[in-house]
Amino acid sequence: MKIGIVIFIIVIGVLGIITYSTFKPDAIELQGVEVQDYQGERLDSVNDFRENSIKGPQYIDIEDYDLEIFGLVDNTKVLSYDDVLDKQAYEKVVQLNCVEGWSAKILWKGVLVRDVLDEVNISDYANTIIFYAYDGYSTAFPLDYFYNNDIILAYEMNGVTLPAERGFPFQLVAEDRWGYKWIKWITDIEISSNESYEGFWESRGYSNTGNLNESFFK
Ligand SMILES: Nc1nc2c(c(=O)[nH]1)N[C@H]1C(S)=C(S)[C@@H](COP(=O)(O)O)O[C@H]1N2
Ligand SMILES: [Mo]
């Protein structure tokens with residue numbers, strides 16, 4: 001009699017497992033999953049990038065992080081990650097092209113560099129913006145670049161927060177410029193009058209404008 005009850009319980013258990021695995025609903029897509037189709041356009045993945053940064057991925061602790069704007073300004077401004085995210089957000093699909101021959105088309109979300117620069121009073125002598133990163137990398141642009149174009153300082157790609165490998169907290173979406181102008185892990189922005197400042201790759205033979213429709217060699 002007892003053995004009958006044990007067998008009965010085992011049979012019910014096995015049937016239960018079979019029923020559950022057969023009728024289990026399909027995975028529910030949670031928010032935070034990478035978007036790969038946007039307005040009919042196929043995007044590349046966050047994982048389609050080659051990681052060949054000068055010192056490898058940087059892991060920034062957001063508690064200790066701030067973005068400093070200094071140089072030819074009335075007074076230096078220090079912004080937290082949230083201060084930047086509080087600004088008007090913008091989204092755009094832009095393709096990054098590395099000089100090594102690979103590219104990645106991504107939906108970027110961030111704030112306009114122009115809106116970040118609004119935090120300071122820029123001197124009339126200024127004509128250059130230099131970005132510095134956590135790994136010692138740097139790159140510079142004419143000030144006009146940010147006023148003649150809507151250039152995004154990105155904190156999300158394809159709907160997910162920038163992974164550390166992709167430049168968390170911020171990567172510059174330097175539209176129409178070669179990948180080496182797309183500085184990641186940005187920590188400081190200098191307002192300058194040094195038009196001939198050369199960043200990391202620029203001081204190693206790459207063109208300072210980094211214009212996509214020009215040769216990347218000087
Ligand atoms: N801080 C920092 N930013 C950087 C680099 C770097 O080495 N350090 N490499 C640049 C180059 S050469 C390219 S092509 C892009 C590539 O972005 P990815 O490393 O996310 O693929 O990042 C750019 N930004
Ligand atoms: Mo690159």
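Two strands pair if DSSP finds at least two bridges between them. I took helices (H or I, at least four residues) and strands (E, at least two) as DSSP runs, numbered from the N terminus.

I noted that this is a predicted model, in which local features need pLDDT of at least 70, side-chain atom pairs count only at pLDDT 80 or more, and totals for chains, interfaces and linings use all residues. Residues are numbered from 1 along each chain as its sequence is written, and side-chain values use heavy atoms, with hydrogens and water left out.

**Overall.** I found 4 helices and 12 strands in the protein. Of its 218 residues, 42% are buried (under 20% relative accessible area, with exposed over 50% and partly exposed in between; 1.4 Å probe, protein chains only).

**Strand E7.** I looked up residues 128-133, strand E7, and found 5 of the 6 residues buried. E7 pairs with strand E8 (residues 138-142) in the antiparallel sense over 5 bridges, and Tyr-132 stands opposite Ser-138 in E8. The hairpin of E7 and E8 has 4 residues between the strands, and Gly-136 there takes a positive phi near 90°. I also recorded antiparallel pairing of E7 with strand E12 (residues 186-192), over 6 bridges; Phe-131 stands opposite Ile-189 in E12.

**Arg-166.** I located Arg-166 in the loop between strand E10 (160-161) and strand E11 (171-173). Arg-166 is buried, at a relative accessible area of 7%. Its side chain joins that of Glu-51 in a polar contact of 3.3 Å (a pair of N or O atoms within 3.5 Å; within protein, one must be able to donate a hydrogen and the other to accept it, and residues adjacent in sequence count only if both atoms are side-chain atoms).

Key: Chains lettered and ligands numbered in written order.
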